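Subject: Structure for your review

Dear colleague,

Please read the notes alongside the coordinates.

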Amino acid sequence: MKLPIRVAVFAAAFTILSISSLAATAASLPADLSADQQALHVLDRLGYGPKPGDIERIKQMGIERYIDAQLHPESIPLPAALTQRLSMLETSNESTGEVLAEFLAVRKVASDGDEAAKQKRREVVGKIVEQNAEARIARAVDSPRQLEEVMVDFWFNHFNVYAGKGLDRALVGSYERDAIRPYVLGSFRDLLGATAKHPAMLFYLDNWLSTSADYQPGQFRKNGAQGQKAKATGLNENYARELMELHTLGVDGGYSQKDVTELARMLTGWTFEPRDLVRNNRSFRFDAQRHDMGDKEWLGHHVGAQGQGEGEFALDVLAMHPATARHLSYELAQYFVQDDPSPELVARLSKRYLETSGNIREVLRTLFHSPEFMASVNVGAKFKTPYQFVISAARASQAPITNVRPLLGVLNQLGMPLYGAQTPDGYKNTQAAWLNPDALTRRITFAAALAAGRLPLNKMPGNDGNTAGAPVVAEQPLDANTLLDTLGPAISGKTRATINNNPQALRAAMVLGSPDFMQR
């Protein structure tokens, strides 16, 4: 999107201002937080920032009651409009097998080279991508269960799967729905097991083809996945390595390369069959013929032949390992408190994790009631990721969104496409990862377009995502005063003075493009 000259000048000036101001803003807060600042802080950290009226609502409700309610999202009813919108998303409500069947059918036909078939493929794939994205973004913007939405994003990133790899374009929606969302505030062991057995993870990190070294298949069968034969590949260590390095123990978790190999052997036979998934919606199976039945020595444990039980034992051990408690506690403290959390906070969270057998809700309760969480030095100390920035802008503006494609385009431009992290470590959530002049300029460009009503958020896309010729509802420019009221103490007095010294037409863009708004 091209900026008018005066907005471009404003963007350049605010980019410079942002880089120089971001580090100083948090340090300028008073030692004791006002009621408005406390309310804003929990809205920013337990969710994606305030909607109009939220700060006052949280103040009336009380910080403690709000935190407790967020820790029990089942107690918070969803708005009828959101529930209806989600119910209309056909792909998001279909079974894993049904979505995969549609995906494979159009890909097979399109491979014949017929242009009509290729167009059909684009429409079906476009529908899958659009509806998965709409389900995520609609919830993030409009669900009052904000902590649940934050934790869906957190855990999806922790157990990252790249949607651009083959079958995962069709599987990623059910992965989030079935393997992530139900467990985000529950038992880490349950979450670990659900991700380990979902076909999206099995496919992404290749464990679905991992076999014992001496496995001899009777005959190769078409896997239906990419028109190739599902032949044995031998032992594949990809998932075992990431399971320990990223998902549980951490890179410094005290394991060796031999432990990686032994764990990979324990997980042989954990697979899925695409045709079985399509026909019977069977998303996981243990193939005893592919399993390495030899004894293993792993993390100091002697593991005899137990079939699938070997992998379950490994998940049990990893879920309750002290290194896992430290690794997860550090990640949670970094996400919710500051980029370099104190060792003391991490130690307290680790202790609580082990005391509660990996109860995520209780670890978060300890975190949210820690002195560090509400310390003034940590308020506004986190720089928003592109996803957090876009969602918080949509919430603050309360712009009606029937077409999520412009927001997906912005996320692509900002370097954080939804479901688009290619490597297993997912996206970073630190300031160092996202603060640079080019990224700030792109954020300000988005802020200016949203503020001016130039994004086609109310143009209904077709199945292929194309908005050409679709019905249009006129977008309204945002009102700066309404935004400032919504954001309250998020926008400092100094920034407000700068904004008020500029033309009325630029003020809303300057609110959303300000260094203050880019922090949480």
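**Salt bridges**

Across the whole structure, which is a predicted model, the search finds 36 salt bridges. One of them pairs the side chains of K127 and E90, with an N to O distance of 3.5 Å. Because K127 belongs to helix 8 (residues 115-142) and E90 to helix 6 (residues 90-93), this pair ties together parts that are 37 residues apart in sequence. The two partners are placed as follows: K127 is buried, at a relative accessible area of 14%, whereas E90 is partly exposed, at 44%.

Two further pairs may be of use to you. In the salt bridge between R285 and D287, the closest N and O atoms are 3.6 Å apart; R285 is buried, with a relative accessible area of 19%, and D287 is buried as well, with a value of 9%. Salt bridges with shared partners also join D68, K351, R352, E355, E362 and R365 into one network. In the pair formed by E237 and R241, the closest N and O atoms lie 3.1 Å apart, and R241 counts as partly exposed at 26% relative accessibility.

**The largest pocket**

The largest pocket has a volume of about 770 Å³ and a lining of 37 residues, among which N157, E331, D425, Y427 and N429 lie nearest its centre. Helix 9 (146-158), helix 13 (238-247), helix 17 (322-336) and helix 20 (386-397) are the elements that give two or more residues to this lining, and the largest share, seven residues, comes from helix 17. Sorted by class, the lining of the largest pocket holds 17 nonpolar, 12 polar and eight charged residues.

**The cavities**

The search of the whole structure also finds two cavities of 30 Å³ or more. The largest cavity has a volume of about 70 Å³, and its lining includes D44, R45, Y335, K384 and R520; helix 2 (35-45) and helix 20 are the elements that give two or more residues to that lining. Its residues divide into three nonpolar, four polar and four charged.

The second largest cavity, with a volume of about 50 Å³, has W155, F188, L328 and Y353 among its lining residues. Helix 17 and helix 19 (360-368) each give two or more residues here, with the largest share, three residues, coming from helix 17. By class, the lining of the second largest cavity has seven nonpolar residues, three polar and no charged ones.

With best regards

Key. Residues are numbered from 1 along each chain as its sequence is written. This is a predicted model: local features need pLDDT of at least 70, side-chain atom pairs count only at pLDDT 80 or more; totals for chains, interfaces and linings use all residues. Side-chain values use heavy atoms; hydrogens and water are left out. On a 1 Å grid over the protein atoms alone, a cavity is a set of points where a 1.4 Å probe fits but cannot get out, and a pocket is an open set with protein on both sides within 12 Å along at least five of seven lines; lining residues have an atom within 4 Å of a point. Grid points are joined across faces, edges and corners, and a volume is the space filled by probe spheres set on the points. Helices (H or I, at least four residues) and strands (E, at least two) are DSSP runs, numbered from the N terminus. Ala, Val, Leu, Ile, Met, Phe, Trp, Tyr, Cys and Pro count as nonpolar, Asp, Glu, Lys and Arg as charged, and the others, Gly among them, as polar. A salt bridge is a side-chain nitrogen of Lys or Arg within 4 Å of a carboxyl oxygen of Asp or Glu. Buried means under 20% relative accessible area, exposed over 50%, partly exposed in between (1.4 Å probe, protein chains only).
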